[in-house]
Amino acid sequence: TLARDGAGNPVLTLQSDFNRAWASVGQALSQADIRIADLNRSAGVYYIDLAQAASAQEKSGFFGRLFGRDEEPDDTAQRTEVRLTAVGGNVQVTVDESINTAADPRVATDVLERIQTNLN
């Protein structure tokens with residue numbers, strides 16, 4: 001379910017254990033064409049790049065990457081975090097700019113709706 005927490009930030013609650021939720025959210029991000037720039041499973045965080053679609057990254061071929069025809073993504077760009085937190089028997093999914101800063105509510109809602117739509 002998609003709701004708001006006490007501070008008004010959007011939260012997607014999954015009725016699942018952490019392992020299943022982690023796999024489902026990762027697959028949903030891929031199906032939503034959201035590029036996963038990095039991940040930290042032990043921290044429960046997917047680092048996503050909203051400026052570049054996952055399909056755009058896959059278009060560069062082996063020789064293009066080898067000979068530098070395609071530009072590499074800018075890893076210094078601000079990454080958005082999709083954070084999974086086990087709470088009781090559920091998992092809460094939030095979108096943050098950093099561990100201390102929530103993402104813009106419109107951006108967070110958009111990402112969480114895209115995840116929710118692509119959950120199996």
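Are Arg83 and Asp96 buried or exposed? In this predicted model, Arg83 is buried, as is Asp96. The legends below treat this pair and other close-up views.

**Figure 1. Salt bridges join Glu81, Arg83 and Asp96 into one network.** Arg83 pairs with Asp96 through a salt bridge whose closest N and O atoms are 3.3 Å apart. Arg83 belongs to strand β5 (residues 80-87) and Asp96 to strand β6 (residues 90-98), so this pair ties together parts lying 13 residues apart in sequence. A salt bridge also connects Arg83 with Glu81, where the closest N and O atoms are separated by 2.4 Å. Glu81 has a relative accessible area of 10% and is therefore buried; Arg83, at 15% relative accessibility, likewise counts as buried.

**Figure 2. A salt bridge links Arg35 to Asp49.** The closest N and O atoms of the two residues are 3.3 Å apart. The pair connects distant parts of the chain, with Arg35 in strand β3 (residues 34-40) and Asp49 in strand β4, 14 residues apart. Arg35 is buried because its relative accessible area, 5%, is under 20%. Asp49 is buried as well, with a relative accessible area of 11%. A polar side-chain atom of Asp49 also lies 3.0 Å from the backbone nitrogen of Ala51. In total, the structure holds six salt bridges.

**Figure 3. Helix α4 has its buried residues along one face.** The helix comprises 14 residues and spans 20 Å from its first C-alpha to its last, close to the 20 Å expected at 1.5 Å a residue. Its buried residues are Ala108, Thr109, Val111, Leu112 and Ile115. Viewed down the helix axis, these residues fall within an arc of 165 degrees, so they line one face of α4. The face turned away from the buried side carries the exposed residues Arg106 and Thr117.

**Figure 4. Asp104 caps the N-terminal end of α4.** A side-chain oxygen of Asp104 lies 2.9 Å from the backbone nitrogen of Arg106. Pro105 lies in α4 (residues 105-118) and is partly exposed, with a relative accessible area of 38%. Beyond residues up to four places away in sequence, Pro105 touches Arg4 and Pro10. The C-alpha atoms of Pro105 and Gly8 are separated by 8.2 Å, although the two residues are 97 residues apart along the chain.

**Figure 5. Residues 65-73 have pLDDT under 50.** For this segment, the model has nine contacts beyond four places in sequence. The mean pLDDT of the protein is 85, and 78% of its residues reach 70 or more.

Technical notes:
Residues are numbered from 1 along each chain as its sequence is written. This is a predicted model: local features need pLDDT of at least 70, side-chain atom pairs count only at pLDDT 80 or more; totals for chains, interfaces and linings use all residues. Side-chain values use heavy atoms; hydrogens and water are left out. Helices (H or I, at least four residues) and strands (E, at least two) are DSSP runs, numbered from the N terminus. Buried means under 20% relative accessible area, exposed over 50%, partly exposed in between (1.4 Å probe, protein chains only). Contact means heavy atoms within 4.5 Å. A polar contact is a pair of N or O atoms within 3.5 Å; within protein, one must be able to donate a hydrogen and the other to accept it, and residues adjacent in sequence count only if both atoms are side-chain atoms. pLDDT is the predictor's confidence in each residue, from 0 to 100. The expected span of a helix is 1.5 Å times one less than its number of residues. The arc is that of the directions from the helix axis to the C-beta atoms. A salt bridge is a side-chain nitrogen of Lys or Arg within 4 Å of a carboxyl oxygen of Asp or Glu.
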